[in-house]
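This report describes how two protein chains meet in a model. Please look at the sequence and structure below before reading on.

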Amino acid sequence: MASGKKQINQLARQLFKLSFVNGSLSGEQVAGVLAYLEKHAPAKPLAVLIAYRRLIVAEAAKSVAVVEHAGPVGEATLQAIASAMTARYQRPVTVSAKPASSLLAGLRVRIGDDVYESSAAGQLAALSASV
Amino acid sequence: MSTVIEQIEQQIAKLSTKAVRKNTGVIRTVADGVAKIDGLSDVMYNEMVQFPGGVIGIALNLETDEVGCVVLGDVSNLKEGDEVQTTGKLLSVPVGKALLGRVVDALGNPVDGKGPLGATETYPVERIAPGIMARKSVNQPLFTGIMAIDSMIPIGRGQRELIIGDRGTGKTTIAVDTIINQAKINRVGLASGNPKFRPVYSIYVAIGQKNANIVRTIGALEAAGALEFTVIVGAPAADNAANQYIAPYSGAAIGEWFMENGMDALIVYDDLSKHAVAYRQISLILKRPSGREAYPGDVFYLHSRLLERAARLDGKGSLTALPIIETLAGDVSAYIPTNVISITDGQIFLETDLFNQGIRPAVSVGLSVSRVGSSAQIKATKQVGGKLKGELAQFRELAAFAQFGSDLDAKTKAQLDRGGRIVELFKQPAFSPIPIEQQVVTLWAIQKGYYDGLDLKKVNAASVSIRDFFATRKDELLTEIRNKAALDKDLEAKIEAAMNEWKPTFAA
């Protein structure tokens, strides 16, 4: 029974491993895991589900490049980013555009834990940190 | 001109389009100076990470789905969900001569209000200790200015000598006296213009101390004119445990700069008991498995990797370490004291009983030892003080027996009398180190029986009088002793003549 924090995380990781097909996250497998959890509820099911969700969200973020932009961004630019990221991470990467006026100018691409900073706000922050 | 402008514009264009990759994470929890972070998949062990608001941290626990970081700064503005970035750098502190006379925190930031440091170099806080081949054996003396130590438990440059004792037995005083003595020697040596003279720079690391105590120490160093040769690294009790944990390593990095650049340095860790406690706190919050006295398993390595950084390097300089450990009720067999005793090259044990009897410095001759220092002791001290440790140990043994009986033979009485005089002779006030040449004269006088006819209470006054007499009227002779560092027949004759000159001046 998963009762301690360590055991909860362990169970969540086991369920997470079961959510893959051929190395990539599968919606069907995730639905299967959820159905299994509904039928065979562990101790503290909410905690297990939260831990499981955290792992899935982190994994899903590795396949989506969130492009934050201050000005308009063309479809061609987004496609170029998607193909560059796909090549770099050697897995299919989709692009999601998100306007962010706080960047002042330029782009910021976030994929998983990595952030590619090419915005005016980012450069100003780096400059002020170096002074 | 236009081509130059074009080049600059090209450079600007290159910079403005260059995307910078950063590996990031998100704070999950912050508690007691430790942050648990989601993400940071590229972070390396001991890497510096950047929190919002310019706060930095060090990644200490790399786990499957989270990273445990100690936060070196104000955690009050950090909250769940804040972004954290890797820096790709190890924590570094400024080093160099620009730090002399300054008070810095555990990260090397000045805290004395004297403006920026002006240091141009930085050294990583965590460094691997010098290897076997780079080291040289200890054979140059480092005088503490404390007669009981320089004559019986000598310290050499590059040695690690532990100062251990209960609270309030004068541990810090011994360390501060040693720093003051280095400053005095430096001043004389630099003024002499001797090209072979090697000054000793000092680093005093205060870990978990009360701010008032640190201020007092700085005041004592300043009053003695020693601050200009000293760097103070402060991580007081009010600082978070992470800063207290990192402070001795920062101090070691500052000391290593002197050593690597062909200079000699002395570092005092005051004290490593509190350092171990700070590390225990961090480890418990990081949920590392705890062992004896709840210390983590690597508490030995915590101190061994720090103290191994003190060394004498072949063809370079040296770093001498004086770690301090506080014991409880004189128990040297506790966990941390035994660890540090086994790492160091000897210990100066201070006893509460001796301290309360007015014997200060309260050095316990029986329990104190210097494993490598005797090869660094100058010949003159060996000549006049070689037998003192044995005589004093014998005296303590006899004194314990003498308490039970009154009938003592003449030989025992003589030994007790002589021991009592040696004890009196070694009494020395705080912050008044004695130059080695004056120590030689003082000890020469006891070897030749100059204190024998005196009342026991006047022995110390007589020794002070001898030193004053020599300092004011026989300065050339003292210089000769200092330069020769050994007593020959001619020098002994001169000392004898001077002593005979002194004798009538002292009213017994």
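In which sense, parallel or antiparallel, do strand β6 of chain A and β1(B) pair? The model is a predicted one, and in it β6 (residues 114–119) of chain A pairs with β1(B) in the antiparallel sense, over 4 bridges. Within this pairing, A:Asp114 stands opposite B:Asn23 in β1(B).

The contact between the chains involves 19 residues of chain B and 14 residues of chain A. Three residues, B:Arg21, B:Lys22 and B:Asp65, supply 37% of the area that chain B buries against chain A, more than any other three residues. Between them the two chains bury about 1300 Å², and 33% of that area lies on carbon and sulfur atoms.

The counts between the two chains are as follows.

| Item between chain B and chain A | Count |
|---|---|
| Salt bridges | 6 salt bridges |
| Polar contacts (both residues at pLDDT 80 or more) | 12 residue pairs |

On the side of chain B that touches chain A, the elements giving two or more residues are α1 (2–17), β1 (20–31) and β2 (34–39) of chain B. Of these, β1(B) gives the most, with 6 residues. By class, this side of chain B has 8 charged, 7 polar and 4 nonpolar residues.

One salt bridge can be given by name: A:Arg110 forms it with B:Glu83. The closest N and O atoms of A:Arg110 and B:Glu83 are 2.8 Å apart.

Conventions. Residues are numbered from 1 along each chain as its sequence is written. Chains are lettered from A and ligands numbered from 1 in the order in which they are written. This is a predicted model: local features need pLDDT of at least 70, side-chain atom pairs count only at pLDDT 80 or more; totals for chains, interfaces and linings use all residues. Side-chain values use heavy atoms; hydrogens and water are left out. Contact means heavy atoms within 4.5 Å. Buried area is the accessible area (1.4 Å probe) that two parts lose on being put together, summed over both. A salt bridge is a side-chain nitrogen of Lys or Arg within 4 Å of a carboxyl oxygen of Asp or Glu. A polar contact is a pair of N or O atoms within 3.5 Å; within protein, one must be able to donate a hydrogen and the other to accept it, and residues adjacent in sequence count only if both atoms are side-chain atoms. Ala, Val, Leu, Ile, Met, Phe, Trp, Tyr, Cys and Pro count as nonpolar, Asp, Glu, Lys and Arg as charged, and the others, Gly among them, as polar. Two strands pair if DSSP finds at least two bridges between them.
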